[in-house]
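I opened this notebook to keep track of what I looked up in one structure, entry by entry.

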Amino acid sequence: MKNKQQVSNILLIVLVILENLFLYYFYRKGILTQGKNAIGLFLTSALFGIVLIYKFYNATISEPGSRPAGKNTISYTAILLVVAGLVAIGIYNGPFFNARVPDHTVSDIIPLIQVMCRRFLDGQYPYSIINDFGFPQHMTYLTMHWMPFTLAQLLHIDYRWITYGAWCIAAIWLCIRSINIPSPMLRAAAPLIILTSYCFMFINNNKILGETVELLIAAYYMVLIISLNGKNRIFQGIIISFCLLSRYSLVLWIPLYCFILMSTGNKKQLYTSAITALVIVLALYVIPFLSKDWGVFYSGYKYYDDAARFEWNHLNSEGQPIQLFSGTGLAYHFYTRLLNIDVHARIKLLQKTQLVCSILVTILMGIWFWLKKDKIDRKIFILSSFKIYLTVFLFLIQVPYEYLMCVGNFVTIALFCEQARYRIGNSNNINSNSNNM
């Protein structure tokens, strides 16, 4: 068992490193081609979830208690160094933000959110069609994708401080929880991976921070991992609702989450979390916004099709769609191989493929869990299944923007930190312990 843990821990660290290299380095430096890099990113991401299942299969797990103060000195020092690093990055971000004023001709993400926030604070309907940039645009952003930035609008600060601040909160939270990691190697690795992954992203693709708000979404998903690994049912429902109201990437995984809780006798957790999430979705989106125009959601969804067609026809100097040839996703394959049908048909086929594969992977994981639920802890399987599902979903997305993929990367990092908190032992009755955790 000890050798299995050690091998698994080494594999997890290697996979974290490889995922970062595939996402931010290999393709950008011309080391790998589009296809090899995209497949490499997919495999390393999916394998992370699979190795997690392997590590905890047929073993009991228990969360460590607080460690003696004297043995926490190194951990606290590591956290202080991480905080100091985040402050240093924040100081550098000031001139970086000032040099990159949001421009809708470069990226319309932040400019559109600015319009929505101004409308909301002025008492106007934020989901009305936007004509500020010379052509009509339907708003696709759900509430928690734009509403947090009303704080920046009120304080007259750069919106990107909200994204960085939210990510810092999630990162520091993970670091603090890593104090109780029993393995000295993993306890040291956790804060180091968090900080270096951010720096590696910033060095190799600072557009993610400069032109998007995706770090806010990444923060939601990092906290989601913390909540799924915790006991607070209401908090779990809150953060699930935040994820649903930012990007609804996890919506097809939710049935699997419900099935796992139901099949392990955790109905109270399921009902409490579900009701909490439903109330928040109603309060923050359906009642104040959707009820005023029930066509808003469909119009926004349809606008994604228009945006996809634009990106599939937005070519680089080599005659390739820029966003499809950025080292991520399988969309490039549908673009280059299915020349007998037009672009619109290829996009539709990819959408159907994504839907079928995402549903299929959740069904297969549900069947596996039903057959093996006495051999794997439910929390570990919930975390692992989410990683595997999200990997499939992002790999088959119609426009594989790099900034979307960074969310999956930070999910990996959060998973690495959270799974390391458990002690492992042999058992024949695994989920009986898990139900009380």
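**Entry 1: the largest cavity.** I began with the lining of the largest cavity and sorted its residues by class, which gave seven nonpolar, five polar and two charged residues. I kept in mind that the model is a predicted one. The lining is made up of 14 residues, and those that lie nearest the centre of the cavity are Leu41, Ser45, Thr391, Leu394 and Met405. I then asked which elements give two or more residues to this lining, and I found α2 (34–56), α17 (378–395) and α18 (402–419). The largest share, five residues, comes from α17. For the volume of the largest cavity I noted about 140 Å³, and my count of cavities of 30 Å³ or more came to three. I reminded myself that rolling a probe the size of a water molecule over the atoms shows where empty space is left.

**Entry 2: the second largest cavity.** Next I turned to the second largest cavity, for which I wrote down a volume of about 70 Å³. Among the residues that line this cavity are Tyr127, Tyr141, Tyr248, Tyr285, Tyr301 and Tyr304, and also Met139, Phe297 and Gly300. Helix α14 (residues 296–312) gives the largest share of the lining, with five residues. How many residues of this lining are nonpolar, polar and charged? I found 10 nonpolar residues and two polar ones, and no charged residue.

**Entry 3: salt bridges.** I searched the whole structure for salt bridges and found eight, and I looked at some of them in turn.

In one of them the side chains of aspartate 158 and arginine 160 meet, at 2.7 Å from N to O. Are these two partners buried or exposed? Aspartate 158 counts as partly exposed because its relative accessibility is 22%, whereas arginine 160 counts as buried because its value is 0%.

Another salt bridge joins the side chains of arginine 177 and glutamate 418, again listed at 2.7 Å, N to O. This pair links distant parts of the chain, since arginine 177 is in helix α7 (residues 160–177) and glutamate 418 is in helix α18, 241 residues apart. I noted that both arginine 177 and glutamate 418 are buried.

I then checked arginine 247, which forms a salt bridge with glutamate 214, the closest N and O atoms being 2.7 Å apart. Arginine 247 lies in the loop between α11 (233–244) and α12, and glutamate 214 lies in helix α10 (residues 214–228), so this pair ties together parts that are 33 residues apart in sequence. Arginine 247 counts as buried at 16% relative accessibility, and glutamate 214 counts as buried at 1%.

Entry 4: Helix α16 (residues 343–372) supplies the largest share of the patch, eight residues. Phenylalanine 259 has its place in helix α12 (residues 254–263) and is partly exposed, with a relative accessible area of 32%. Isoleucine 359 belongs to helix α16 and is likewise listed as partly exposed, at 34%. I also looked up the C-alpha atoms of isoleucine 359 and tryptophan 253, and these are separated by 7.9 Å although the two residues are 106 residues apart along the chain.

Entry 5: Asparagine 58 is not a glycine, yet I found for it a positive phi of about 60 degrees. Asparagine 58 sits in the loop between α2 and β1 (59–62), and it counts as partly exposed because its relative accessibility is 28%. Histidine 156 also has a positive phi of about 60 degrees without being a glycine. Where is histidine 156 found? It is in the loop between α6 (150–155) and α7, and with a relative accessible area of 72% histidine 156 is exposed.

Last, I checked lysine 375, which is in the loop between α16 and α17 and counts as partly exposed at 32% relative accessibility. Lysine 375 and alanine 59 are 316 residues apart in sequence, but their C-alpha atoms are 7.0 Å apart in space.

Notes:
Residues numbered from 1 in each chain as written. Predicted model: local features only at pLDDT ≥ 70, side-chain atom pairs only at ≥ 80, totals over all residues. Heavy atoms only, no water. Helix = DSSP H or I, 4+ residues; strand = E, 2+ residues; numbered from the N terminus. Buried < 20%, exposed > 50% of the residue type's maximum accessible area, 1.4 Å probe, protein only. 1 Å grid on protein atoms, 1.4 Å probe; cavity = no way out; pocket = protein on both sides within 12 Å on 5 of 7 lines; lining within 4 Å. Points joined across faces, edges and corners; volume = space filled by probe spheres on them. Nonpolar A, V, L, I, M, F, W, Y, C, P; charged D, E, K, R; others polar. Salt bridge = Lys/Arg side-chain N within 4 Å of Asp/Glu carboxyl O.
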